[in-house]
Amino acid sequence: MQLNQLNQLIHHAMAMNPGSRYPTVAEFAADLKKVIAALPSPASAPPAILQPDLPQLDEALQAAKEQQRAEARSALRCPRCGWELPHSARFCSHCGSSLSVPN
Ligand SMILES: [Zn+2]
């Protein structure tokens with residue numbers, strides 16, 4: 001219905017014979033406004049989903065943190081030389097530096 005009106009309006013505005021066209025822009029605008037007024041309100045359209053899926057994001061973040069913790073548990077490394085050490089170590093057996101890492 002509105003589409004037909006719009007088509008007629010466009011054909012009117014683009015008529016081969018200039019005399020058949022809208023004589024003024026104001027008249028063209030007035031007809032366009034009538035078509036727009038007949039269109040369904042944009043407020044009734046469902047809102048676009050622009051926000052990220054927060055629960056999914058949080059889940060991914062927790063998984064990443066958990067993986068980091070697992071890696072920290074499996075390997076203790078000397079902050080100075082990077083030597084892999086047992087978790088019970090207080091000193092690096094490679095360079096001798098103290099492992100006073102705050103827990
Ligand atoms: Zn070391």
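How do α1 and α2 run relative to each other, roughly parallel or roughly antiparallel? The tour below comes to that after an overview.

This is a predicted model, in which local features need pLDDT of at least 70, side-chain atom pairs count only at pLDDT 80 or more, and totals for chains, interfaces and linings use all residues. Residues are numbered from 1 along each chain as its sequence is written.

**Whole chain.** Start with the cartoon view. The protein has three helices and two strands, in the order α-α-α-β-β along the sequence. Helices (H or I, at least four residues) and strands (E, at least two) are DSSP runs, numbered from the N terminus. Of the 103 residues, 2% count as buried, a term that requires 20 or more other C-beta atoms within 10 Å of the residue's own, whereas 12 or fewer make a residue exposed and anything in between partly exposed, with C-beta atoms placed from the backbone.

**Helices α1 and α2.** Select residues 2-13 (α1) and residues 25-38 (α2). Their axes come within 9 Å and cross at roughly 170 degrees; axes are lines fitted to C-alpha atoms, for helices over the stretch in contact, and angles run from 0 to 180 degrees between N-to-C directions. The two helices are therefore roughly antiparallel, the word for angles over 145, while angles under 35 degrees count as roughly parallel.

Now show the side chains where they meet. Gln2, Gln5, Leu6, Leu9 and Ala13 in α1 meet Phe28, Asp31, Leu32, Val35 and Ala38 in α2; contact is defined as C-beta atoms, placed from the backbone, within 7 Å.

**Leu76.** Next select Leu76, in strand β1 (residues 76-77). Leu76 is partly exposed, with 17 other C-beta atoms within 10 Å. Leaving aside neighbours within four places in sequence, Leu76 is in contact with Leu85, Pro86, His87 and Ala89. To finish, draw a C-alpha to C-alpha distance from Leu76 to Pro86: the two are 10 residues apart in sequence and 6.4 Å apart in space.

Technical notes:
Parallel < 35°, antiparallel > 145°, perpendicular 65-115°, else oblique. Contact = placed C-beta atoms within 7 Å.
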